[in-house]
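Reader: Could you take me through the terms used for this model, setting each value against its cut-off before drawing a conclusion?

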Amino acid sequence: MAFIDARTLPEASEIEADLILIGGGLANIAIAKQWAGAGKSVAILESGGRELDMEIQALYAGAGIMRAPGNPERNIDEYLIQSRARWYGGSGNVWGGKCVPLDESDFARRDWLGRTGWPVTRAQMQPYYDRACELLQIPLFNRDWDRHPDPARPPLAINDSFFAAPRVFTALSGEVDRARFDAWCNDFIAAATNIRVYLHANVTNIRLRRNGRDVESLDVACLNGRRHSARGRAYVLGTGGIENVRLLLASGGIGNHSDLLGRCFMGHVTFGVYENADGLNTMLCVSDGQNMSLYADSGRANTHCVIATTLEGQRRFGTANFTATLFNASAPANPEDTALLALAAKLDTAGAAARQHGCFFMSEQLPNLDSRITLLPEHTDPLGMPRVFLDWVYSERDLDTLERSIAALGDALGAGAKGRVRWPVAREALLATLNASRHHMGATRMSQDPEHGVVDENCRIHGLRNLYVAGCSVFPTSGIANPTLTIIALAMRLSDHLKRQLGVRA
Amino acid sequence: MILTKRNLLAAFAALAASPAFAQTNGALDLTATEGLGRAYRTANPNADLAPLRAALAGGLDHGLEAVRARVRADFRASRVFTYRGWRLSETEAQLCALLA
């Protein structure tokens with residue numbers, strides 16, 4: 001009975017547990033794993049079932065546009081459905097398994113950028129990153145990497161503005177190993193007597209007590225018309241970076257004391273072109289013939305690296321975080337490119353050969369009040385929930401930081417006689433050529449000061465005593481790293497906090 | 001030594017003759033760099049190429065080392081010329097302009 005179909009419960013059932021986890025994605029599953037056998041009852045309320053159902057997936061439908069100065073707007077209505085997964089396991093079902101911690105610079109206050117800085121440091125997060133790595137069965141960042149570098153795959157030494165930032169893949173990914181991922185999500189539930197998963201249980205409203213400081217109960221709705229309620233001592237909202245905002249806004253704007261709920265939405269996108277209209281590719285050429293397998297052609301089994309800007313580099317260039325990801329170019333080299341790069345290589349390093357790599361760039365999107373999730377009250381889904389409007393806005397500063405970072409990398413490679421960079425994309429073509437990842441960050445941002453965020457350093461909504469938010473919507477800055485590892489690290493940290501709050505003995 | 005186009009071509013030919021280069025890239029096709037040279041001249045019709053000529057006029061070995069140093073200094077100072085997306089040093093572009 002660990003998995004219960006809420007559609008089959010008697011009408012107006014009351015679900016009770018010490019800890020209510022709203023959403024059955026990776027964040028809340030990671031928390032639930034910490035509570036197995038903890039002597040307190042846990043209920044996971046999941047909108048979907050055990051597999052993709054398009055009727056349920058369509059509950060995500062809304063409207064969206066992406067904007068950037070000087071660029072034509074881009075419609076992203078489909079992105080709202082295609083960038084998330086609404087069944088047990090959440091977006092972990094379609095996750096590729098790439099694990100990356102945020103850099104030290106991502107947590108730092110960077111005065112040249114504004115609205116940066118987390119209320120926790122990378123050093124404070126390190127134990128939770130380690131536990132997240134253990135949970136995902138991967139080596140520990142960065143300890144294992146630093147202690148066991150592979151001499152056969154040396155990093156490219158550019159200068160102190162750039163470093164080799166490692167990435168690792170876990171096999172615990174729905175996209176890569178379905179059976180193993182399902183076992184990871186399900187087996188502990190079967191073994192734990194204190195955890196129940198309610199499937200097809202959509203939370204449509206969060207009710208507060210009259211004091212306005214405690215959640216009293218949740219309204220739960222099923223697509224077959226059944227209505228239930230849920231009560232707990234503490235609640236964790238972990239329905240994804242867009243749905244977290246949707247539910248809080250639809251519940252009367254819980255957490256919107258600072259007018260920041262839904263604002264500062266940030267995503268990750270890759271910038272690069274491959275055989276554009278002029279036949280040009282984004283490329284990075286290495287002059288000295290160095291083995292670049294650390295960066296390209298590593299496969300999933302090996303740690304691989306991207307070229308990333310250090311905190312010092314960001315300060316020097318006045319930029320945000322930035323990476324270049326390399327891969328082996330498949331297109332035949334153009335004779336003119338070959339000649340130009342041969343000349344460059346000769347001028348860089350006598351006798352060496354130029355080695356061309358395809359690449360794409362990523363540049364941190366900075367918090368921006370205009371980049372925002374709001375509700376469309378006149379458009380509701382079959383459960384009566386207002387649909388969302390995502391106005392994903394890149395600022396002039398975001399475009400500046402991208403272009404300045406590429407220029408800085410090109411200059412650093414040239415000054416160090418290491419190579420050249422090609423970036424053949426005009427600023428006004430950026431939106432049309434970028435590829436968006438499925439990372440929805442920042443719209444319930446974390447802050448110590450209630451005036452500057454939605455949740456506090458413990459992921460608790462400012463001003464409330466028992467409502468918490470899990471997932472990357474709490475990220476105050478987005479970095480470049482794929483967010484899942486940090487989501488799980490934060491979930492570990494939140495779980496410890498909740499155990500203290502609810503009196504779970506260590 | 002006075003730098004002529006023929007001398008410059010000879011310098012590049014010498015570069016291209018290095019064994020490692022020959023193994024990996026074949027001969028350096030200097031005609032393929034003419035597009036860059038023309039683009040630089042078009043964008044910089046009043047560019048003063050005399051300093052580069054002078055740097056190369058000191059003899060082949062000495063001249064090329066001087067050019068290499070200029071290239072690195074260009075990048076340190078962000079003196080660059082962008083051609084078909086490639087971020088190149090001004091010196092590289094001027095070299096090709098001398099040939100174009």
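This is a predicted model: local features need pLDDT of at least 70, side-chain atom pairs count only at pLDDT 80 or more; totals for chains, interfaces and linings use all residues.

Reader: What makes Ser371(A) count as buried?

Author: A residue is buried if 20 or more other C-beta atoms, placed from the backbone, lie within 10 Å of its own, exposed if 12 or fewer do, and partly exposed in between. Ser371(A) has 25 C-beta neighbours inside 10 Å and therefore counts as buried.

Reader: Where is Ser371(A) placed, and which residues is Ser371(A) in contact with, leaving aside its neighbours within four places in sequence?

Author: Ser371(A) lies in the loop between strand E18 (355–363) and strand E19 (372–380) of chain A, where helices (H or I, at least four residues) and strands (E, at least two) are DSSP runs numbered from the N terminus. Contact requires that the C-beta atoms of two residues, placed from the backbone, lie within 7 Å; with neighbours within four places in sequence set aside, the contacts of Ser371(A) are Cys264(A), Phe265(A), Met266(A), Asp391(A), Trp392(A) and Val393(A). From C-alpha to C-alpha, Ser371(A) and Ala17(A) are 36 Å apart in space, and they are 354 residues apart in sequence.

Reader: What makes a set of residues a nonpolar core, and which members touch the most others in the largest one?

Author: A nonpolar core is a set of buried Ala, Val, Leu, Ile, Met, Phe, Trp, Tyr and Cys residues joined through C-beta atoms within 7 Å. The largest has 175 residues, and Leu21(A), Leu45(A), Ala470(A) and Ile488(A) touch the most other members. Helix H13 (residues 484–502) of chain A gives the most to this core, with 9 residues. Not counting residues up to four places away in sequence, Ala470(A) touches residues including Ala27(A), Ile31(A), Val236(A) and Leu494(A).

Reader: How do you know that E4(A) and E9(A) pair?

Author: Two strands pair if DSSP finds at least two bridges between them; strand E4 (residues 42–45) and strand E9 (residues 195–199) of chain A have 4 bridges and pair in the parallel sense. In E9(A), Val197(A) is the bridge partner of Ile44(A). E3(A) and E4(A) also run parallel, joined by 4 bridges, and Ile22(A) stands opposite Leu45(A) in E4(A). These strands belong to an open sheet of 6 strands with parallel pairing, in the order E1-E9-E4-E3-E13-E23 (chain A).

Reader: Which residues of E4(A) point one way and which the other?

Author: Val42(A) and Ile44(A) point one way, whereas Ala43(A) and Leu45(A) point the other way, and all are buried. In a regular strand the side chains alternate between the two faces of the sheet.

Reader: Why are H3(B) and H6(B) called roughly perpendicular?

Author: Their axes, which are lines fitted to C-alpha atoms over the stretch in contact, with angles running from 0 to 180 degrees between N-to-C directions, come within 7 Å and cross at roughly 100°. Angles under 35 degrees count as roughly parallel, over 145 as roughly antiparallel, 65 to 115 as roughly perpendicular and the rest as oblique; H3(B) and H6(B) are therefore roughly perpendicular to each other. Among the residues that meet are Leu36(B) and Tyr40(B) in H3(B) and Ala93(B) and Leu99(B) in H6(B).

Reader: How many helices and strands does chain B have?

Author: Chain B has 6 helices and 2 strands, running α-α-α-α-α-β-β-α from the N terminus on. Buried residues make up 32% of its 100 residues.

How values were computed. Residues are numbered from 1 along each chain as its sequence is written. Chains are lettered from A and ligands numbered from 1 in the order in which they are written.
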